[in-house]
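Thanks for coming, everyone. Please look at the screen while I talk.

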Amino acid sequence: MSETSPSSARPPRQPRKGTTSTGARKAASKSDRSRAREFALQALYQFLVGKNDATAIDHFTRDLSGFHKADAAHYNTLLHGCVSISEELDARISPLLDRKLAEISPIEHAVMWIGVYELQFCPDVPWRVVLNECIELTKEFGGTDGHKYVNAVLNGLAPQLRADEVAADKGQAGTKATAAASVTDTPPTASTDTPDAS
């Protein structure tokens, strides 16, 4: 019989609440807009891969299980908006890629369309939310490190498409960092290095 000592046994890693083993959000913790993005992603994937008609894809997608929990208006905006200006979206994305657009996974391509579209035409969605939602989509449906690629591209476009919002956000972050640095750089007011009297 071999026993492991308590110090050598590690407790199992506890999963984050609200996420799956891959780090993606669980269905129960998703908002109706997050669900809308998921259905829009599925529809845009069909558009990119199958070259199907957007109206036919729309009808099919609306019949999928769980669609009633999604924000149908946001889904509609994303699907038809992305399809109608797909060439413009590709023109914005292409300069930030390190390879040809045709070599990008259709999932990553569709997620970038969603991200660029929301950055450009959905000012009610904060730019950081757009990035986070697109990263989550790619984690759940894309390849292993696809979310890093999507993040890099959208982070590159955000300052162009949401210049004021990004600048304001970064200004606040800079102000907080400066304030934190000034607190930590302040020398102590009284010395605590006194000799021990005992």
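Start with a term: axis angles under 35 degrees count as roughly parallel, over 145 as roughly antiparallel, 65 to 115 as roughly perpendicular and the rest as oblique. Axes are lines fitted to C-alpha atoms, for helices over the stretch in contact, with angles from 0 to 180 degrees between N-to-C directions. Helices are DSSP runs (H or I, at least four residues), numbered from the N terminus.

This is a predicted model: local features need pLDDT of at least 70, side-chain atom pairs count only at pLDDT 80 or more, and totals for chains, interfaces and linings use all residues. Residues are numbered from 1 along each chain as its sequence is written, and side-chain values use heavy atoms, without hydrogens or water.

Now the helix pair. The axes of α5 (residues 106–121) and α7 (residues 146–161) come within 10 Å and cross at roughly 25°. The two helices are therefore roughly parallel to each other. Which residues make the contact (heavy atoms within 4.5 Å)? From α5, they include Val-111, Met-112 and Leu-119; from α7, Tyr-149, Val-153 and Leu-157 are among them.

Stay on α7. Its buried residues (under 20% relative accessible area, 1.4 Å probe, protein chains only) include His-147, Val-150 and Leu-154.

Last, Ala-70. Find it in the loop between α2 (54–62) and α3 (72–84). Ala-70 is buried, with a relative accessible area of 11%. Leaving out residues up to four places away in sequence, Ala-70 touches Asp-32, Arg-35, Ala-36 and Phe-39. Ala-70 and Glu-38 sit 32 residues apart in sequence, and 8.8 Å apart in space, C-alpha to C-alpha.

Note on methods:
Contact means heavy atoms within 4.5 Å. Buried means under 20% relative accessible area, exposed over 50%, partly exposed in between (1.4 Å probe, protein chains only).
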